[in-house]
Amino acid sequence: MGDEHVHDAHAILEHFKIQEGIFSDFYKMHERETLGAFIESLNGIKTLFELADRRFRCINERTPGGLHAAGPVILMDEEKGLKMLEKARADGIYSHAGCGAAGLAFAKLSEADRRFFVNSDNYGAFYAKAIAKKAGIPYKGHLQVEPHFHVARMAIYDGSGCFDNSIAKLKVVGLPPAFVISRRYHSESENAMIEASIAATIATGDHGFGGLIKADKTPFVLLVIGGRYSKEFSLSKLMTEAEEVAKGFKGKVIVDGFVAPF
Ligand SMILES: [Zn+2]
């Protein structure tokens, strides 16, 4: 156990360092208020707004592609979860191994239910299957994730509803791995803000980069995508929500943003 921990610390530091070049540039541009314009001008940025499918996955950077909500949708009322799936025209749902959101939901179950499901992985898969059935969409399976810690220093707060965080696509464009919160399909800001807060909590905690995320020096980036033709999901409106989330992290989370290409 101890050895594994040391090994992890080493691997976590490696993942952090690999992204240092990108993030030191991001921090400088954030200071000069040019980060949003820079991202808008990236070659191939439009390809990041063409989803290959509309299946829901967790907000996790290790469950990339498609649409995203914590769990997915395990932390909201069932009614809200179903509404979100409908609003997004979701065509499938995945659960995943080691889901932190499923862990939070599992902890809130009665003791009898916890005994029945044994662990949060079983509960996460059960919940995804059950809500898929109610929504009339297919359950697509329980995703295995690699590595078993989080490697994202950024979360996307997506007002466009079509940002694709597939690893290969991000790499081509030159963006780092990122959590995605599909803000566009939340009928109210509250649940989306909770999810952004969970992403930042994970990244700055023991399952993510922990102490490597430092206030002012190496903060986590909450990157907002404003909808181009939308008042409801405009950049300024969503930036205000993200700023509100960041306040709770005492300088460890910074907010920036850009407008979707279409
Ligand atoms: Zn998860």
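The axes of helix α9 (residues 189-203) and helix α10 (residues 235-247) come within 10 Å and cross at roughly 45°. The model is predicted: local features need pLDDT of at least 70, side-chain atom pairs count only at pLDDT 80 or more, and totals for chains, interfaces and linings use all residues. Residues are numbered from 1 along each chain as its sequence is written.

Axes are lines fitted to C-alpha atoms, for helices over the stretch in contact, with angles from 0 to 180 degrees between N-to-C directions. Helices (H or I, at least four residues) and strands (E, at least two) are DSSP runs numbered from the N terminus.

α9 and α10 are therefore oblique to each other, a class left over once angles under 35 degrees (roughly parallel), over 145 (roughly antiparallel) and 65 to 115 (roughly perpendicular) are set aside. The crossing of α9 past α10 is right-handed, that is, the near helix is turned clockwise from the far one by less than a right angle.

The residues that meet, with C-beta atoms placed from the backbone within 7 Å, are as follows.

| Helix | Residues in the contact |
|---|---|
| α9 | Ser189, Met193, Ala196, Ser197, Ala200 |
| α10 | Glu241, Ala242, Glu244, Val245 |

By class, the residues of this contact of α9 with α10 comprise 5 nonpolar, 2 polar and 2 charged.

The chain contains 10 helices and 8 strands. Along its principal axes, the C-alpha trace of the chain spans about 55 × 50 × 30 Å. In the chain, 72% of the contacts with a separation of 6 or more are between residues 24 or more positions apart.

Terms used:
Two residues are in contact if their C-beta atoms, placed from the backbone, lie within 7 Å. Ala, Val, Leu, Ile, Met, Phe, Trp, Tyr, Cys and Pro count as nonpolar, Asp, Glu, Lys and Arg as charged, and the others, Gly among them, as polar.
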